[in-house]
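Thanks for coming. I will show the structure on the screen and then walk through some of its parts in order.

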Amino acid sequence: MNHQVIASPPDLAGAPSVPARLSLSGVTKQYPLVRANDNISMEVAPGEIHAVLGENGAGKSTLMKIIYGAVRPDAGEIRWNGQLLEIANPAAARKLGIGMVFQHFSLFETLTVGENIALALDDEFDLKALSARIIKVSAEYGLDIDPQRHVHSLTVGERQRVEIVRCLLQDPRLLIMDEPTSVLTPQAVRKLFTVLRRLASEGCSILYISHKLDEIQELCDTATVMRGGRVTGKVTPAQETQASLAQLMVGHALPAYVHREHTPGDILMAVKDLSVASDDPFGTSLSGVSFELRAGEVLGIAGVSGNGQAELLAALSGELPLPASAPGETITICGRPVGRLDAGQRRTQGFAFVPEERLGRGAVPAMSLADNGLLTAHREQMVQSGWIKSAVVRAFAETCIKAFDVRCGGPDALAQSLSGGNLQKFIVGREILQEPKVLVVAQPTWGVDIGAAGFIRQQLLDLAARGTAILVISEELQELFDICDRIAVVAGGRLSPVKVTRDTNSEEIGLWMAGLFPGNEVVSHAAEH
Amino acid sequence: MNFPYQLEARPSPSRTMQLAAPLLAALLTLAGGWLIFSLIGKDAAAAMYAFFIEPLSSIDGLAELLLKASPICLIGLGLALAYRANVWNIGAEGQMLVGGVAASGVAIYFDGVTAWWVLALMMFAGVLGGMIWAAIPAFLRSRFNTSEILVSLMLTYVAPQLIIYLVSGPWRDPQGMNFPLSIMFGPSALYPLFSGDWHWTFWKGTRINASVFLTLAAIPLIWLFMRKSFAGYRMSVGGLAPMAARYAGFSERRTIWSAMLISGALAGLAGMGEVAGPIGQLQSTWSPGYGFTAIIVVFVGRLHPVGIVLSSLLMALLYLGGEAVQTSLQLPQALSGVFQGLLLFCLLGCDLFVNFRLRRRGVVAVAAKTIKPLETSTLS
């Protein structure tokens, strides 16, 4: 263990010349189920970029909401520039100069950028003067956005810029960024970092929440590591290794994956020139998507969310079968056309699918795990002439819980009572236990803690080794590079060429994610409409 | 803000409250009723006795209770199935009326025929009538995505027009002195009463008939369908998580159709039981609103067959009680409606505490107190 724990400055009582911009001590928040924050103390100096590092559920978001005044702590004190105070609500926080960019943007799609920003201002405003200020501030920081544009026509990266500009207009002294890079291409991340560094150099403190170790090492001056609602370390990221940071964050070393020799087999799933017009006015239409998926391989599809992933998944899974006008051969499973079959009929052909949304799509929240097993595994002799064989259903759930290390109260536990990682293990397990020929997985480890994520990825690799063709659609590039044999990118509803993983790198995939891939030169992914 | 208690989400729904809520609601309803009787200047104790005890204190009363509870329960069972599947059939009243109309048609056509199959054919016609009336909203929903709530509800107001047309025109009793009534049905078009010597003498002379056996048989069947059949499972998945149903490949259309048809069929059968039972003919207005009462019954009974049996008995008692206070205390029949409303209102209120609990606002106040002395110390 080579990490170095920096003790808090000993001269706190001796009144330092410049007080910390923000200082927390003993902050505690108890929810009915969990203690989200337990005796948290930390300090952020003026102009410091301070990382808050931790897994999902470590209590980062609760802590940030406390600082932003959205949640009241049960105990503890907050000092702002040395002054003890209570932050009653977000408006009070904004008045102090605290700005927050949320992980899920809070913008109205039908309004323009200017109107959205105006809505967030607490004072009266003049839309014209405001537009001028927006243009001025955004140009100053290289965040070019046009206040007249409607938000629905913006890419995710541009929407984030709107949120940042919205904060900048209020002249923040502390900017909280909650998982800002989860939706950005590597190139957009570079740009964001430049802006953040510039802000910090002007004296604005930044609280940067993330679980991505490389970003924190690159950007942040100091880091507070959290696990299970407690602070487990205060470190200087640049002096740490990723392994030591992960150790602090997870409590054990990161898992390594066992890769097997890759021997591509027969084509098990083929998609030929798939085009789907999206019903949703803000959706993305697919055009000319083609790929082949072979037995024993893991194919990854990267891309910034909202570029056609949802539409592609619905078309592949059969939740939205192709219209009668499209040839059924557009999608084949094991050589048989399935384009117009529904999800159940495709499953009968050996297809399985793990969706992105666990509760409500992959599992019925109010049903037990046993009943949730029945949801897709009913083909495993669970139903006889219309009647459910309860013993088989229970046995299947028990097998799945055991084989996939699902921590729960047994087959009768409700799906909604499980943590995200455990429910995901159950859903992945349920699909894998059916020994599918083709498995499509969306965001396999989204919101899953690192331990469970490693386990799930290993299970996918093992399944591929047994001859299943696996398609993984993920926004986490690192994950795709870890487990995929080949990688493609979806951008603006079009699929890039497929590359063997070791022949490409995150720079190239990043460019492709912005729509700049061979065969797509003319189409900019910002101009979908 | 100064209210000393606040609502707080429970970690998991309380099992105790789930069972206690209906009982608590019943107690609150009684208390509310007591208050109402007192406010209108009646002897509350006597009124409550007349409302709730008197109807149960005679064989006749008990028989009437079952006779009323039976159709309500039958309709409620079908509705529970539909509501579990997230299909909101509000038009059971209309489906019941049309079921009654179809059965009456058979009875009038085969008037004078004495054979067992007349009654069987009436049952079949009743089921079919209810299904046809329910098929209209099912078709419009699955084809044009209309709201089955509105369509089924509006059709409920169409059904009485159909009856009025029939009883004042083609099916009017020629000897009926122009009253809007059909002929009285013959004995083979009526459910048998328990009057023979071979029946339990207990029930002798009451109006109760064999239709209660149908309801008794339907209870375990519906329960079995809900809990043990794959079709029932698919329907409840569609109700609980429509996206999950689509993900698993369960057809939404099939769920809508089965939910509407089953609930319509049972409502139609209940309507047939009325015209072939206590009424014995088709009248222009013969429904005491069982189709709407059943909706309350389903929710009070928590969408569960056993709960529905109990709550339909309770609701039948409210009907009888309303009639009793009307005759003994000259209070309006509308009182039974007041009690129904009170009960539903209290139940919805008590239901809140299944998922939430009251907590004293204490912890935050304590934290504020600990902060204050610190503040003064920093100032000094």
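I start with a strand pair in chain B: E1(B) and E2(B) are antiparallel to each other and share 5 bridges. Before going on, note that this is a predicted model. Within the pair, Leu7(B) has Leu358(B) of E2(B) as its bridge partner. Strand E2 of chain B covers residues 356–360, and of its 5 residues the number buried is 0, so this strand lies largely in the open.

Now chain B as a whole. Its secondary structure comprises 14 helices and 2 strands. Taken along the principal axes, the box filled by the C-alpha atoms of chain B is roughly 105 × 60 × 40 Å. Chain B has 380 residues, and 43% of them count as buried. If we take the contacts in chain B with a separation of 6 or more, 77% are between residues 24 or more positions apart.

How is chain B divided by the domain assignment? Domain 1 consists of 1–42 + 331–380, and domain 2 is 72–330. Between the C-alpha centres of these two domains of chain B there are 36 Å. The two do touch: 12 residues of domain 1 of chain B meet 14 residues of domain 2 of chain B. On the domain 1 side of that contact, helix H13 of chain B, residues 334–355, gives the most, with 7 residues. By class, that domain 1 side has 8 nonpolar residues, 3 polar and 1 charged.

Next, the contact between the chains. Chain A puts in 33 residues and chain B puts in 28. On the chain B side, the elements that each supply at least two residues are strand E1 (5–9), helix H8 (230–240), helix H9 (242–248) and helix H14 (363–379). H14(B) has the largest share of that side, at 8 residues. Sorted by class, the chain B side holds 18 nonpolar, 5 polar and 5 charged residues.

On to the cores. In soluble globular proteins, nonpolar side chains tend to be buried together. Which residues touch the most other members of the largest nonpolar core here? The core has 96 residues, and the ones in question are Phe426(A), Val438(A), Ile470(A), Val472(A), Val489(A), Val237(B) and Ala244(B). A separate, second core has 94 residues, among them Leu67(B), Leu74(B), Ala103(B) and Val300(B).

Leaving out residues up to four places away in sequence, Val472(A) touches Val298(A), Gly300(A), Val441(A), Pro444(A), Leu480(A), Ile483(A) and Cys484(A).

Chain A has three assigned domains: domain 1 is 1–97 + 173–252, domain 2 is 106–171, and domain 3 is 267–513. The C-alpha centres of domain 2 and domain 3 of chain A are 37 Å apart.

Some strands of chain A now. Leu53(A) is bridged to Val225(A) in E9(A). E9(A) also pairs with strand E10 of chain A, residues 230–235, this time antiparallel and over 5 bridges. In that pairing, Ala223(A) is opposite Val235(A) of E10(A). The hairpin formed by E9(A) and E10(A) has 2 residues between the strands, and Gly228(A) there has a positive phi near 55°.

Last, two residues other than glycine with positive phi. Gln381(A) has phi near 55° and sits in the loop between helix H11 (369–377) and strand E17 (383–384) of chain A. Gln443(A) has phi near 45° and belongs to the loop between strand E19 (438–442) and H14 of chain A.

Are these two glutamines buried or exposed? Gln381(A) counts as exposed because it has 10 C-beta neighbours inside 10 Å, and the cut-off for exposed is 12 or fewer. Gln443(A) has 22 other C-beta atoms within 10 Å, so it is buried; here the cut-off is 20 or more.

That is the end of my part.

Conventions: Residues numbered from 1 in each chain as written. Chains lettered and ligands numbered in written order. Predicted model: local features only at pLDDT ≥ 70, side-chain atom pairs only at ≥ 80, totals over all residues. Core = buried A, V, L, I, M, F, W, Y, C linked by C-beta atoms within 7 Å. Contact = placed C-beta atoms within 7 Å. Helix = DSSP H or I, 4+ residues; strand = E, 2+ residues; numbered from the N terminus. Nonpolar A, V, L, I, M, F, W, Y, C, P; charged D, E, K, R; others polar. Domains from an automatic or database assignment. Pairing = 2+ DSSP bridges.
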